[in-house]
Amino acid sequence: MQKDIASDMIDPIPLWRVALPNRPLTGLTVLVVEDSRFASEAVRLLCLRSGARIRRADCLRSAQRHLQTYRPAVVIVDLGLPDGDGAGLIRQIATTEPRVPVLLGISGDPDLADVALAAGADGFMAKPIESLAVFQQMILQALPAETRGIGLRILPDEVIQPDASGLRDDLAHVAEILSSAQDTAAVDYIAHFLAGIARSAHDPVLEAAATALARDRDAGHGLASDLARISGLVHERLAAVAGL
């Protein structure tokens with residue numbers, strides 16, 4: 001088994017957690033590895049409503065630093081990160097002893113569920129991640145039975161709506177990358193990142209543009225018109241968000 005993630009500084013999960021019915025994740029620490037501020041804010045709000053603590057890493061390097069210091073109860077990994085493949089991190093965590101109790105993959109592309117599960121994830125959540133009941137259930141069903149808490153649990157119907165400031169930061173990030181995008185890696189990252197933003201923001205036009213970019217990139221077509229269209233859409237949305 002791999003030993004490169006330290007296991008000598010562990011936050012153990014108590015065998016019995018005093019979790020309130022409406023705070024079923026009390027006592028758990030969640031590490032979300034996600035480069036989108038908007039998606040990270042959604043997970044933060046879901047954790048807050050559920051009683052969990054949250055830490056965030058925005059890239060693989062930052063995630064490694066977190067995991068060398070402590071072991072959270074739950075790790076949620078985006079499959080597309082700015083410095084590498086999230087599936088590789090899932091595979092690493094899944095084969096390290098003692099294993100993190102709950103390991104989940106997330107993506108704006110629901111077709112990547114099989115990739116996350118094949119890498120060793122316990123489950124997969126497609127963006128947007130906004131249903132409190134789905135979030136809680138996904139984590140609780142992956143926890144060892146003796147750590148799930150006891151008693152009846154209220155199934156919430158709350159849907160999380162992150163603050164628009166996170167969306168603004170994500171769009172500004174895309175605009176910055178677009179201004180200097182020269183290589184294949186940058187184009188691939190833009191397509192993946194933008195698709196996730198669009199799904200989280202319920203923006204089908206922006207999602208379609210990101211999908212078209214990925215499709216034309218895979219087909220070897222010219223990308224100038226795709227990138228110009230995306231740039232226009234991103235700046236339109238930045239102007240709209242700035243007015244909120």
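**Close-ups of a predicted model**

**View 1. Helix 6 and helix 7 cross in a left-handed way.** Left-handed here means that the near helix is turned anticlockwise from the far one by less than a right angle. Helices are DSSP runs of H or I with at least four residues, strands are E runs of at least two, and both are numbered from the N terminus. This is a predicted model, where local features need pLDDT of at least 70 and side-chain atom pairs count only at pLDDT 80 or more, while totals for chains, interfaces and linings use all residues. Residues are numbered from 1 along each chain, and side-chain values use heavy atoms, leaving out hydrogens and water.

**View 2. Here are the axes of helix 6 (residues 164-178) and helix 7 (residues 184-200), which come within 11 Å and cross at roughly 160°.** Axes are lines fitted to C-alpha atoms over the stretch in contact, and angles run from 0 to 180 degrees between N-to-C directions. So helix 6 is roughly antiparallel to helix 7 (that label takes angles over 145 degrees).

**View 3. Zoom in on the contact (heavy atoms within 4.5 Å) of helix 6 with helix 7.** Helix 6 brings Leu167, Asp170, His173, Val174, Ile177 and Leu178, and helix 7 brings Tyr189, Ile190, Phe193, Leu194 and Ile197.

**View 4. Now for helix 5 (residues 132-142) and its buried residues.** These are Leu132, Ala133, Phe135, Gln136, Met138, Ile139 and Leu140, with buried meaning under 20% relative accessible area (1.4 Å probe, protein chains only). They pack against helix 1 (37-50), strand 3 (74-78), strand 6 (102-107) and strand 7 (123-126).

**View 5. Zooming back out, the chain has 9 helices and 7 strands.** Of its 244 residues, 48% count as buried.

How values were computed: Parallel < 35°, antiparallel > 145°, perpendicular 65-115°, else oblique. Buried < 20%, exposed > 50% of the residue type's maximum accessible area, 1.4 Å probe, protein only.
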